[in-house]
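Open the model in your viewer and keep the selection tool at hand. We will go from stop to stop, and at each one you will hear what to pick and what to look for.

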Amino acid sequence: MKVPCFSCNTVTDLDVGFDVVNFVCPNCHSLYSSDGDGQLRLKSKFKPEVNDFAFKIGDKGILKGIEYTVIAAIVKKVSQSYNWTEYILESPKGDLVYLSESDGNWIFLTEIEDQFNAKQHPEIVTHNGIVFDIYEYCDVDIENAQGYFDFSLPVYKIHMVEYINPPLMISVEKINGIETAFLGEYISKSEIRKGFPTVNLPYQTGVNITRPYYFDLRNTAIIFCFVALIIVCVNWLIYKDQSEQSVFYKEATFNEFNNKEIFGSSFVLKGGSAPMTIRVSSDVDNSWANVDIALVDENTNEELHANKDVEYYHGYTDGENWTEGDQSVEFNICGVKAGKYHFVITPQKAPEDISNNVIKVNAIWNKPSFYNVWIVIGFMIVVFIVIRYCKINFEKKRWEYSDYSPYQDE
């Protein structure tokens, strides 16, 4: 349909699948109404404070697998500080859908036949078994418009009620005495950009009333519980038959082995990885002893080394007894896996120490620890608490402009 504007001489030409009731010039925003003969007559003109449309009349793109053409746009205004834009799109079959944009957030809407008695403002409504909570009701002005309309743009305010169950919403509008309901669904900016690649979309800010949270709390909790159960069960299956095992014990005399290597007998470890606890003791007295320990994997010839001092000093100074160190030391070699091993130890002591002649080394392959399991489970609990905390803040931002916010008392 070709429409010349008598105010600015702009010609708009676009085929639409309905009888045009109103037309608004995209250039000067003059409003034309159809008379009884179907002719468009100049009626008035919008003088918008906001005149910035992302889509132009005639833009084509694909959404939900269907090609649409942008045929109209309306800027709706609640107060001096809040407005949003709604675009009307037509498919080749003549079906109309709507794109609502606010602060770069988008909602895809289609008309539904349900009646919700918006005048009474019920606090909940149901559609297809889904319960929607009231978000807000208000009277809306039309600030600006452009394009082809199959209805008469209202002179008076539009009464509107919004209900949400993110990512869905129901918007009920009463225009010229007629109530119309729309089912809306959050649509991502990336999906619109993909469908309309040449359109420059506005920057996205804030939390849209239908924008879903990044995580589904219920599903996240189920997944975390399932993962924790798997970890516990797998850990139990691996270690259920594994018990503490003494694998090496040696009392070495410094007279025979001072600064000499001692080779232990081979031993076999079976089961899952577990820490190896090594205890070294010697009767040092105001002196020290040292042992170098190597755990040798006989299958790979890899060696795990540890060097430990046993020191014990004591005395009497300034009227007080004091001690330092101990006659034994204990340490772990973590994560020793199944295999065949032997120890090589090299003991030595202070040259001036003539009273101490023995050093003892005892190695035990411990029962497997559930410490790492509890760390993982604890980490998942912390992550879930953080996700839930962020979810609450996300929802508070969603509801901050609603008089029906469930968080208004917090």
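Start by selecting strand β11 (residues 124–127) together with β12: four bridges join these two strands, which run antiparallel. Bear in mind as you look that this is a predicted model. Zoom in on His 127, whose bridge partner in β12 is Ile 130. β11 and β12 make a hairpin with two residues between the strands, and there Asn 128 takes a positive phi near 55°.

Now colour the whole of strand β12, residues 130–149. Is this strand mostly enclosed or open? Of its 20 residues, 14 are buried, so β12 is largely enclosed by the rest of the structure.

Next, bring in the other partners of β12, one at a time:

- Strand β13 (residues 158–165) runs antiparallel to β12, and seven bridges join the two. Look for Glu 136, which stands opposite Glu 162 in β13.
- Strand β7 (residues 66–77) is also antiparallel to β12, with six bridges between them. Here Ala 72 stands opposite Gly 147 of β12.
- Strand β3 (residues 22–24) is joined to β12 by three bridges, again antiparallel. Pick Phe 23 and you will find its bridge partner, Tyr 148, in β12.

Ser 171 has its place in strand β14 (residues 168–175).

Now for a pair of cysteines: select Cys 5 and Cys 28. Cys 5 is buried, at a relative accessible area of 2%, and Cys 28 counts as buried too, at 12%. A search of the whole structure finds zero disulfides.

Move on to a sheet of four strands. Select β16, β25, β19 and β23 in that order, and you have an open sheet with antiparallel pairing. Which strands stand at the edges? They are β16 (245–253) and β23 (328–336); each has a single partner strand, so one side of each is left without a neighbour in the sheet. Going from one strand to the next, the twist averages 15°. Inside this sheet, look at β19 (residues 274–282) and β25 (residues 358–365), which are joined by seven bridges.

For the last stop, show helix α2 (residues 217–239) and helix α4 (residues 371–399). Their axes are 10 Å apart, and the helices pack at an angle of about 175°. That makes α2 roughly antiparallel to α4. Show the side chains where they meet: on α2 they include Leu 217, Phe 224, Ile 231 and Asn 235, and on α4 they include Val 373, Met 380, Phe 384 and Lys 391. What kinds of residues make up this contact? They divide into 14 nonpolar, two polar and two charged.

Note on methods: Residues are numbered from 1 along each chain as its sequence is written. This is a predicted model: local features need pLDDT of at least 70, side-chain atom pairs count only at pLDDT 80 or more; totals for chains, interfaces and linings use all residues. Side-chain values use heavy atoms; hydrogens and water are left out. Axes are lines fitted to C-alpha atoms, for helices over the stretch in contact, and angles run from 0 to 180 degrees between N-to-C directions. Angles under 35 degrees count as roughly parallel, over 145 as roughly antiparallel, 65 to 115 as roughly perpendicular and the rest as oblique. Contact means heavy atoms within 4.5 Å. Ala, Val, Leu, Ile, Met, Phe, Trp, Tyr, Cys and Pro count as nonpolar, Asp, Glu, Lys and Arg as charged, and the others, Gly among them, as polar. Two strands pair if DSSP finds at least two bridges between them. A disulfide is a pair of cysteine sulfur atoms within 2.5 Å. Buried means under 20% relative accessible area, exposed over 50%, partly exposed in between (1.4 Å probe, protein chains only).
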